[in-house]
Amino acid sequence: MNYEERDTLGIYVRGKVLEGKVHRGPGPHLMGANTLLGNDVANAQDDDLGDIKEFMLDMGTGRVAYAVLSFGGFLGMGEKLFAVPWAALKLDTVNKRFVLDVSKDRLKDAPGFDKDNWPDMADTTWEKGIHDYYGTKPYVGSGLP
């Protein structure tokens, strides 16, 4: 299911006329977080990398720090979770999914966790390792200098 299918509030309504102007909804620059949960993630080779299970917000800045990606397993059993820096994801509005520039094999080897053993995401060493792995830089206001 993608964000348009999950839109129960009419956020992404196309062609609705408001005050003489065609309203195209808030996306893709502003999007409802709840509509993005469960969206698929693929890589540039069109390999399925899983789906978004959660968003981790930096409460001090109000920014999305990570998307938690679920990969592998079957019916929730044996799945591995990954905190992917928000900057590593790109929205594909044509296919209505996210794109992460990693191969399946690289994702399998990425630092991950299971639902019962979440990492300490406030730990700057953990944060640096995640950003180094995905080749992203923490935004200003994160725990890293």
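Strands β4 and β5 form a hairpin with four residues between them, and G62 in the turn has a positive phi of about 80 degrees. Helices (H or I, at least four residues) and strands (E, at least two) are DSSP runs, numbered from the N terminus. The model is predicted: local features need pLDDT of at least 70, side-chain atom pairs count only at pLDDT 80 or more, and totals for chains, interfaces and linings use all residues. Residues are numbered from 1 along each chain as its sequence is written, and side-chain values use heavy atoms, with hydrogens and water left out.

**Strands and hairpins**
- β4 pairs with β5 (residues 63–71) in the antiparallel sense over seven bridges; pairing requires at least two DSSP bridges between two strands.
- Within this pair, M56 has Y66 of β5 as its bridge partner.
- On β4 (residues 48–58), there is also antiparallel pairing with β3 (residues 40–42), over three bridges.
- Here A42 stands opposite D48 in β4.
- The β3 and β4 hairpin has five residues between the strands, and D46 takes a positive phi near 70 degrees.

**Helix α3**
- W126, E127, I130, H131, Y133 and Y134 of α3 (residues 124–134) are buried, meaning under 20% relative accessible area, with exposed over 50% and partly exposed in between (1.4 Å probe, protein chains only).
- Seen down the axis of α3, these buried residues fall within an arc of 160 degrees, so they line one face of the helix; the arc is that of the directions from the helix axis to the C-beta atoms.
- The buried residues of α3 pack against β5, β6 (80–85), β8 (97–100) and α2 (104–108), with contact meaning heavy atoms within 4.5 Å.
- Just after α3, G135 takes a positive phi of about 70 degrees.
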